[in-house]
Amino acid sequence: DISGPVPPEYFPGTCDFPLQLELSGKAKTIELPDGGVGITSIDTSPGLHVTVTNLANGEQATFNITGAFHNSDDTPEPGQVTTVVSGRNFLWDPEAGTVLAIGNFSYVSDADDNNVRPLEGEGQLIDVCALLA
C-alpha cells in the first residue's frame, strides 16, 4: 500500500504554480531477471489514486492512475531507457506538460533521468495545469 505526499524533488511538474501530490492505493515494481529480453522492469498500480493540489490557489483534483510502466534499455544509445506507459498514468514532460495520460504512450530518458525523446503515442492527454489554474 502507498499513502502520503510525494516529496517535491521527485515531481518537478511543469505548471506555473507549485503542486502537491498525495498518493493512495497500491503500486509495485517488478524487476525482471536478465533484463527480461530488453524490458528491465514493470511498474503496476492497481487501485492507485493521486490527489493533485495547486498550492497557489487550493484547487484540487483526484485521478485514478491504474496504468503500467514498462522500462526497457533496448535504445540505440547506451544508458538511455525507453518507458512505455499504458492505461491511466500521471506524467510530466517538457513538451506535453503535466498530464493525465490515458492510452499508450512512450518517452526516452538518459542515465540522469533527463528527457531525450518527449512523450508520444495514442490516446488522450488531459492538461492538469489547466484544470487546476
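In which strand is the place of Asn89? Asn89 sits in strand β8, where strands (E, at least two residues) and helices (H or I, at least four residues) are DSSP runs numbered from the N terminus. The structure is a predicted model, in which local features need pLDDT of at least 70 and side-chain atom pairs count only at pLDDT 80 or more, while totals for chains, interfaces and linings use all residues. Residues are numbered from 1 along each chain as its sequence is written, and side-chain values use heavy atoms, with hydrogens and water left out.

The pLDDT, the predictor's confidence in each residue on a scale from 0 to 100, averages 86 over the protein, and 92% of the residues score at least 70.

Leaving aside neighbours within four places in sequence, Asn89 is in contact (heavy atoms within 4.5 Å) with Ile65, Gly67, Ala68, Phe69, Val99, Leu100 and Ala101. Lys28 lies 61 residues from Asn89 in sequence and 14 Å from Asn89 in space, C-alpha to C-alpha.

Next comes the interior. In soluble globular proteins, nonpolar side chains tend to be buried together. A nonpolar core is a set of buried Ala, Val, Leu, Ile, Met, Phe, Trp, Tyr and Cys residues joined through side-chain atoms within 4.5 Å. The largest one here has 18 residues, of which Val50, Val52, Phe63, Ile65 and Phe90 touch the most other members. At least two residues of this core come from each of β2 (19–25), β5 (49–54), β6 (60–64) and α1 (128–132). A second, separate core of seven residues includes Val85, Leu91, Tyr107 and Leu119.

Rings of Phe, Tyr and Trp (its six-membered ring) pair if their centres lie within 6.5 Å; planes under 30 degrees apart count as stacked, over 60 as edge-to-face and the rest as tilted. Phe63 and Phe90 are stacked, with 6.4 Å between centres and 25 degrees between planes. The pair links distant parts of the chain, with Phe63 in β6 and Phe90 in β8 (residues 81–93), 27 residues apart. Both residues are buried.

Strand β6 has two faces: Ala61 and Phe63 are on the covered one, and Gln60, Thr62 and Asn64 on the uncovered one. Strands pair if DSSP finds at least two bridges between them; β5 and β6 do this in the antiparallel sense over five bridges. Thr62 of β6 is the bridge partner of Thr51. The two strands form a hairpin with five residues between them, and Gly58 in the turn has a positive phi of about 85 degrees.

Strands β9 (residues 97–109) and β10 (residues 115–127) also run antiparallel, joined by ten bridges. Gly123 in β10 is the bridge partner of Gly103. Their hairpin likewise has five residues between the strands, and Asp113 takes a positive phi near 70 degrees.

Finally, the whole structure holds one salt bridge, meaning a side-chain nitrogen of Lys or Arg within 4 Å of a carboxyl oxygen of Asp or Glu. The partners are Arg117 and Glu120, at 3.3 Å from N to O. Arg117 is partly exposed at 26% relative accessibility, and Glu120 is partly exposed at 42%.

Definitions and conventions. Buried means under 20% relative accessible area, exposed over 50%, partly exposed in between (1.4 Å probe, protein chains only).
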